[in-house]
Amino acid sequence: ARSEFDATLGKRFPLRVLVAEDVPVNQQMMKVMLGRMGYAADFADNGIEVLRALERRHYDVIFMDMHMPEMDGLECARVIRARVWERPLAIVALTANVSTEDAQKCRAAGMDGFLTKPVKPIDLHRSLEEWGRRLDRPPGSPATPPSGTPKPNGTPPAPEPVAAAEPDPTLIDQVTLDDLRDLDAGEPGLLQSFIDGFRQAVAEHLPLFRQVVAAGDGEELRQLAHRLRGTAANVGAGAVAGRCAALERLGQAGDLGAAPPLIEELEQRFHQTIGAFTELGVVKL
């Protein structure tokens, strides 16, 4: 069955959760997934807001994006670990990069693990269950089912989903789209809102890409491309995310001469992706 949500998880492991993420579409997706698992999370747009939130209340788990404005996740984690806390606090990185080097950076900054973006429901569930078990929970909590797809006792297996049209594999990631359809089944209209957010993000980023390339600002191009890459990946727009990753590498290398044609290609892939979503009946024009 597709469903990977257990609404009892938040009752069995009553964790206080903070999500540090600056992209609105990504925030919305995390809010919905956590809500379906029984958690009412708080959100912060950057590391400075995380530190302010920690001054107001204790959190058990922080899901921390590595790349945020003002103060990024790595710097924020280092500041948190330099302080003394009365209760355990887990910091889980949210990152699109899964290289050994990035994992080492997370550990060196004091992070306890990481989730790959776009975050999959089953991975989020496993992380919450893991930290619920590790952190000091009140005694007498009911036993939890084994790791994997959660199934509360007495709950019959969910029916197999009706077969849906297959998306163009060169444009859209099937697994991510299935996860989005699963979310939408529980709360109709979510998928449309995610795609609308993606559309808006692309519309905002395209002129900014051209401006920073014209100004020769490679670092700004890298940051913008990374931001849009995460939004595209979260809605399964693999082709757009791939072009964003290429722009991110160009910005990091300072090689902006190859950026203009890549921006044009990104725009073309975006329109093709929206067309594919429309043909699949995923979104309306």
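**Note on confidence and salt bridges in the predicted model**

1. Over the protein chain, pLDDT averages 84, and 86% of the residues score at least 70. Residues 138–167 stay under 50 in pLDDT; for this stretch the model has 38 contacts beyond four places in sequence.

2. The count of salt bridges comes to 18. The pairs below are taken one by one.

3. Asp22 and Arg227 form a salt bridge, with 2.3 Å between the closest N and O atoms. Arg227 belongs to helix 9 (residues 218–234), whereas Asp22 sits in the loop between strand 1 (17–20) and helix 2 (24–36), so the pair ties together parts that are 205 residues apart in sequence.

4. Are the two partners of this pair buried or exposed? Asp22 counts as buried because its relative accessibility is 12%, under the 20% cut-off. Arg227, at 30% relative accessibility, counts as partly exposed.

5. A salt bridge also joins Arg81 and Asp112, whose closest N and O atoms are 2.7 Å apart. Here Arg81 lies in helix 4 (residues 73–81) and Asp112 in the loop between helix 5 (100–108) and strand 5 (113–116); the pair therefore ties together parts that are 31 residues apart in sequence. Asp112 is partly exposed, its relative accessible area being 27%, and Arg81 is likewise partly exposed, with 31%.

6. Within helix 7 (residues 174–186), Asp178 and Arg181 lie three residues apart, about one turn of the helix. Their side chains meet in a salt bridge at 3.9 Å, N to O. Asp178 is partly exposed because its relative accessible area, 22%, falls between the limits of 20% for buried and 50% for exposed.

7. Which residues are linked in a network of salt bridges? Glu21, Asp65 and Lys117 are linked in this way.

Key:
Residues numbered from 1 in each chain as written. Predicted model: local features only at pLDDT ≥ 70, side-chain atom pairs only at ≥ 80, totals over all residues. Heavy atoms only, no water. Salt bridge = Lys/Arg side-chain N within 4 Å of Asp/Glu carboxyl O. Helix = DSSP H or I, 4+ residues; strand = E, 2+ residues; numbered from the N terminus. Buried < 20%, exposed > 50% of the residue type's maximum accessible area, 1.4 Å probe, protein only. pLDDT = per-residue confidence, 0-100. Contact = heavy atoms within 4.5 Å.
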